[in-house]
Amino acid sequence: VPENAVAVQDQSARFECMIDALPKAKVVWLLNGKELTNKDNVRLETDAKTGANVLVIPKVLAVHCGTYTIKASNSVG
């Protein structure tokens, strides 16, 4: 995800991040430090072709404004 990526209200947005970790990492997306779930009107996916972790916002609303972060962690860090 490029720094300072911009999403347009009422449009869809898609953010991708490649994570290479061994052992496999647990991945969470955060909005302003709060973990996102599907209940937040977003979809959390893994791209079957590339293995990228994907955050999809089907329709960007004011509640989606803020700073997005992806966090990966596993048993070694």
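## A walk through the strands and the core

Start by selecting strand S5: both of its faces are covered, with Asn53, Leu55 and Ile57 buried on one side and Val54 and Val56 buried on the other. Keep in mind as you look around that this is a predicted model. Since 5 of the 5 residues of S5 are buried, the strand is largely enclosed by the rest of the structure. You can find S5 at residues 53-57.

Next, show the neighbours of S5. Select strand S1, residues 13-17. S1 and S5 run antiparallel and are joined by 5 bridges. To see one of these pairings, click on Cys17, whose bridge partner in S5 is Asn53.

Then follow the chain through the hairpin of S4 and S5, where 6 residues lie between the strands. Stop at Gly51 in this hairpin: its phi is positive, near 80°.

Time to turn on side chains. Select Ala13, Phe15, Cys17, Trp29, Leu31, Leu36, Val42, Leu55, Ile57 and Val60, and you have the 10 residues of the largest nonpolar core. Which elements give two or more residues to this core? They are S1, S2 and S5. S1 provides the largest share, with 3 residues.

Zoom in on one core member, Leu36. Leaving aside residues up to four places away in sequence, Leu36 touches Trp29, Leu30, Leu31, Val42, Leu44, Leu55 and Tyr68.

From here, move to another sheet view. Select S3, S2 and S6: these 3 strands form an open sheet in the order S3-S2-S6, with antiparallel pairing. The edge strands, each pairing on one side only, are S3 (34-35) and S6 (68-73). S2 covers residues 26-31 and pairs with S3 in the antiparallel sense over 2 bridges. Click on Leu31 to find one of these pairings, as its bridge partner in S3 is Lys34.

For the last stop, select Val63, in the loop between S5 and S6. Is Val63 buried or exposed? Its relative accessibility is 60%, so Val63 counts as exposed. Finally, draw a distance from Val63 to Leu31: they are 32 residues apart in sequence, and their C-alpha atoms are 9.8 Å apart in space.

Technical notes:
Residues are numbered from 1 along each chain as its sequence is written. This is a predicted model: local features need pLDDT of at least 70, side-chain atom pairs count only at pLDDT 80 or more; totals for chains, interfaces and linings use all residues. Side-chain values use heavy atoms; hydrogens and water are left out. Two strands pair if DSSP finds at least two bridges between them. Helices (H or I, at least four residues) and strands (E, at least two) are DSSP runs, numbered from the N terminus. A nonpolar core is a set of buried Ala, Val, Leu, Ile, Met, Phe, Trp, Tyr and Cys residues joined through side-chain atoms within 4.5 Å. Buried means under 20% relative accessible area, exposed over 50%, partly exposed in between (1.4 Å probe, protein chains only). Contact means heavy atoms within 4.5 Å.
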